2 protein chains.
Amino acid sequence: MAQGGGGTRHQGGIARADDATLGDEALRGIVALLRSGELKPGAIVNEAELAKRFGMSRGPVREAVRRLEGRKLVVREAYQRARVVTLDRAAIVGIFELRECLEGMACRLAATHMTDAALERLARDTERAGTRNAFTVDYRFSFHQAIVDGCGNARIGTVLAQEVYDLVRLYRWSSGALPGRAGAAPAEHRAIAAALRKRDADRAEALMREHVRRSMQMVVTA
Amino acid sequence: MAQGGGGTRHQGGIARADDATLGDEALRGIVALLRSGELKPGAIVNEAELAKRFGMSRGPVREAVRRLEGRKLVVREAYQRARVVTLDRAAIVGIFELRECLEGMACRLAATHMTDAALERLARDTERAGTRNAFTVDYRFSFHQAIVDGCGNARIGTVLAQEVYDLVRLYRWSSGALPGRAGAAPAEHRAIAAALRKRDADRAEALMREHVRRSMQMVVTA
DNA sequence: GCCGCGCAAAGTGTCAACACTTTGCGCGGG
DNA sequence: CCCGCGCAAAGTGTTGACACTTTGCGCGGC
């Protein structure tokens with residue numbers, strides 16, 4: 001009806017690759033900046049600057065920043081500028097406590113909901129990762145991700161992604177890089193996969209919780 | 001510097017009571033509409049209409065709706081209008097599974113973090129609620145709330161509030177209204193309070209999880 | 001030489017207007 | 001009488017401009 005003022009959808013210069021809205025694009029752009037490390041924790045998020053950079057108006061950028069606030073990747077300073085969140089020790093512990101109970105629950109549910117084929121494949125991949133030097137970030141991601149995806153509760157996955165994984169990525173806690181961790185984790189993964197294959201929900205949950213708790217200690221004591 | 005276009009902060013008519021931003025006010029207003037039942041699940045959320053109603057421009061309303069999307073109280077239909085979320089049986093189960101593990105964890109943490117005085121008071125209030133006809137919505141809210149608040153992990157409380165309680169309120173699941181539930185729940189509460197007072201984290205968590213699981217069954221089988 | 005005041009600059013909050021997309025209804029053909 | 005086409009209406013996406021608030025720096029007084 002009446003709105004776009006600018007109405008510059010295809011006029012502004014760069015054409016959008018996909019059909020998503022500019023707000024979505026801004027969101028992806030900012031997240032990319034966070035992951036690339038260009039926007040570090042504590043850095044100020046400037047609407048106008050980002051708008052200029054992305055070749056759009058402040059509106060969509062503002063919307064994206066607000067959404068990131070909802071995901072707690074950005075905090076607002078009183079009445080003023082937005083900053084990339086900074087986490088103290090207590091906040092880190094809190095995040096891992098959240099992760100512990102969520103991934104534990106996902107594991108419990110996965111013991112019931114995942115198919116035999118999926119569990120078989122999980123066990124195989126886990127085995128391979130332990131014997132080789134394949135304990136990469138990608139692999140670990142896929143192990144936890146496979147369980148969360150297979151647990152049958154998408155909401156748990158969403159919460160984990162937004163409240164935990166994004167923040168973990170922001171701080172680059174690759175606990176696997178810590179000495180001794182890369183050696184212990186594969187064994188724990190194998191034990192979890194084994195419990196899942198036996199459909200032992202209680203044991204799978206307990207093992208996963210312990211696994212997460214251990215990786216927290218690696219991060220916190222570092 | 002340059003912004004308000006409208007610049008109608010105090011000109012538009014109604015003066016804002018507090019110092020919060022209009023976007024915050026719009027958010028509160030929409031949540032109030034949800035709680036009052038005027039905006040039912042499945043209802044269309046119209047930016048312009050709400051803007052007119054709240055006496056503000058579409059901008060802040062839009063922002064509020066986007067934030068509610070982040071809280072999953074509102075879903076966006078493809079490219080189009082926003083709707084109040086509707087939940088099927090699977091979604092309801094998912095929400096209670098989330099609640100189970102989060103409140104369970106909160107309970108575990110509370111067993112360590114809450115002060116003796118706070119636990120004493122919790123036990124006293126719980127006792128009173130069981131013996132009288134005081135098993136009201138307010139009371140139950142305060143029981144669970146006291147534990148979550150006292151667990152020392154604010155993030156768990158935030159997630160619960162946004163991912164669970166808001167949705168529960170939206171659907172008015174007062175499981176206490178179901179026959180037999182008002183009788184069983186107080187006893188379960190007392191057992192949880194007792195375990196907390198003994199600082200028995202494992203038992204407190206297990207009892208709380210069972211408690212939540214039972215109230216889910218009341219809702220789902222109804 | 002140091003502290004406080006005041007002004008300029010930067011940044012966010014808000015608005016009205018315009019562009020684009022989808023929906024819904026009426027009209028004509030079959 | 002039913003179906004499909006096209007146009008009007010409604011709604012969201014986006015923009016540039018203006019209001020208000022905070023920050024930071026320079027200047028003058030002490």
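Modeller: Helices (H or I, at least four residues) and strands (E, at least two) are DSSP runs, numbered from the N terminus. This is a predicted model, in which local features need pLDDT of at least 70 and side-chain atom pairs count only at pLDDT 80 or more, while totals for chains, interfaces and linings use all residues. Residues are numbered from 1 along each chain as its sequence is written, chains are lettered from A and ligands numbered from 1 in the order written, and side-chain values use heavy atoms, without hydrogens or water.

Chain A contains 9 helices and 3 strands. Their order along the sequence is α-β-α-α-β-β-α-α-α-α-α-α. Of the 222 residues in chain A, 46% are buried (under 20% relative accessible area; exposed is over 50%, partly exposed in between; 1.4 Å probe, protein chains only). Where contacts (heavy atoms within 4.5 Å) in chain A join residues at least 6 apart in sequence, 75% of them link residues at least 24 apart.

Helix 3 of chain A, residues 58-70, packs against helix 1 of chain A, residues 22-36, at an angle of about 60 degrees, and their axes are 8 Å apart. Axes are lines fitted to C-alpha atoms, for helices over the stretch in contact, and angles run from 0 to 180 degrees between N-to-C directions. Helix 1 of chain A is therefore oblique to helix 3 of chain A (under 35 degrees is roughly parallel, over 145 roughly antiparallel, 65 to 115 roughly perpendicular, and the rest oblique). From helix 1 of chain A, the residues that meet helix 3 are Leu22(A), Gly23(A), Asp24(A), Ala26(A), Leu27(A), Ile30(A) and Val31(A). Their partners in helix 3 of chain A are Pro60(A), Val61(A), Glu63(A), Ala64(A), Val65(A), Arg67(A) and Leu68(A). By class, this contact between helix 1 and helix 3 of chain A comprises 10 nonpolar, 1 polar and 3 charged residues. Here Ala, Val, Leu, Ile, Met, Phe, Trp, Tyr, Cys and Pro count as nonpolar, Asp, Glu, Lys and Arg as charged, and the others, Gly among them, as polar.

Helix 2 of chain A, residues 47-54, also approaches helix 3 of chain A: the two axes come within 8 Å and cross at roughly 120 degrees. Glu47(A), Ala48(A), Leu50(A), Ala51(A) and Phe54(A) of helix 2 make this contact with Arg58(A), Val61(A) and Arg62(A) of helix 3. The residues of the contact between helix 2 and helix 3 of chain A are 5 nonpolar, no polar and 3 charged.

Next comes the loop between helix 3 and strand 2 of chain A, where Arg71(A) is found. Is Arg71(A) buried or exposed? Arg71(A) is buried, because its relative accessible area is 18%. Apart from neighbours within four places in sequence, Arg71(A) is in contact with Leu27(A), Gln162(A) and Asp166(A).

Most residues other than glycine have a negative phi. In chain B, Lys72(B) lies in the loop between helix 3 (58-70) and strand 2 (74-76), and its phi is also positive, at about 65 degrees. Lys72(B) counts as buried, since its relative accessibility is 17%.

Finally, the two chains also meet. Helix 7 of chain A, residues 154-171, packs against helix 4 of chain B, residues 89-113, at about 50 degrees, with the axes 8 Å apart. These two helices are therefore oblique to each other. Arg155(A), Ile156(A) and Val159(A) of helix 7 of chain A make the contact with Ala91(B), Ile95(B) and Leu98(B) of helix 4 of chain B. That contact between helix 7 of chain A and helix 4 of chain B has 5 nonpolar, no polar and 1 charged residues.
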